[in-house]
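Student: I would like to learn how to read a few local features in a structure. Could we go through them one at a time?
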Amino acid sequence: MDSREYEFEGAEPDIHGYAHVSRESTVVGDVRIGPNANVWPGAVLRGDVGAVEVGRESAIGDGAVLHASTVGEKVMVGHGAVLNDTEVNDGALIGFNSTVSDAIIGRGSIVAMGTVVPPGYEVPPESFVRGSPAQVTPLSETTIDPDEVFEAFSSGDYANLAARHGDLFE
């Protein structure tokens, strides 16, 4: 068993054969993890009151918590982030120790580390979000180069790193 996987009220995790899920993570109930996604030690994915879905080539960092949330493809969820009843669209980056609750994060957006995105927020695509509470700025109005940021935190690189860890993900 690759992780601590648990059935909840008849729903069992569905982990793609090419996903890398740490045996030190916890995956409960209605959870789907796509190909080449990776889930790191200490992460908790809990699909009890709603499904959790992790898309292809997405990375869920150490200690992150996903509850009743959907993560698109090629998304990076940083260490210690908390997503509750949230939708994160393709290509977004959720920074370390961010908290996002009952919100939608647009495609290609960056949520800075430590940011608190409160219920009801709908972050437009390609935005930069920071602060507590969150403030949204279009990426085009910042000096941030999204390609550079996503290259530095590429989930593809994380998938390769997960494979190199071997026993941690077996």
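Student: Which side chain does Arg 56 meet in a salt bridge, 2.7 Å from N to O?

Tutor: In general, side chains of opposite charge can pair when their charged atoms come close. A salt bridge is counted when a side-chain nitrogen of Lys or Arg lies within 4 Å of a carboxyl oxygen of Asp or Glu. Here the partner of Arg 56 is Glu 57, at 2.7 Å from N to O. The model is predicted, so local features need pLDDT of at least 70 and side-chain atom pairs count only at pLDDT 80 or more, while totals for chains, interfaces and linings use all residues. Residues are numbered from 1 along each chain as its sequence is written, and side-chain values use heavy atoms, with hydrogens and water left out.

Student: Which parts of the chain does the salt bridge between Glu 73 and Arg 56 tie together?

Tutor: The side chains of Glu 73 and Arg 56 meet at 2.8 Å, N to O. Glu 73 sits in the loop between strand 9 (70–71) and strand 10 (76–77), and Arg 56 in the loop between strand 6 (44–54) and strand 7 (59–60), so the pair links parts 17 residues apart in sequence. Strands (E, at least two residues) and helices (H or I, at least four) are DSSP runs, numbered from the N terminus. Through shared partners, salt bridges join Arg 56, Glu 57, Glu 73 and Lys 74 into one network.

Student: How many salt bridges does a search of the whole structure find?

Tutor: Seven. One of them pairs Asp 30 with Arg 32, whose closest N and O atoms are 2.8 Å apart. Asp 30 has a relative accessible area of 28% and is therefore partly exposed; Arg 32, at 32%, is also partly exposed.

Student: What does Val 49 contact, leaving aside neighbours within four places in sequence?

Tutor: Contact means heavy atoms within 4.5 Å. By that test Val 49, in strand 6, is in contact with His 67 and Ala 68. Val 49 counts as exposed because its relative accessibility is 70%.

Student: How should I read backbone angles, and where is there a cis peptide bond?

Tutor: Most residues other than glycine have a negative phi, and most peptide bonds are trans. The bond from Ser 132 to Pro 133 is cis, with omega near 5°. Pro 133 lies in the loop between strand 19 (127–130) and strand 20 (135–138).

Student: What are the phi values of Asn 36 and Glu 126?

Tutor: Asn 36 has a positive phi near 60° and is placed in the loop between strand 4 (26–33) and strand 5 (38–39). Its relative accessible area is 34%, so Asn 36 is partly exposed. Glu 126 has a positive phi of about 55° and lies in the loop between strand 18 (122–123) and strand 19. With 53% relative accessible area, Glu 126 is exposed.

How values were computed: Buried means under 20% relative accessible area, exposed over 50%, partly exposed in between (1.4 Å probe, protein chains only).
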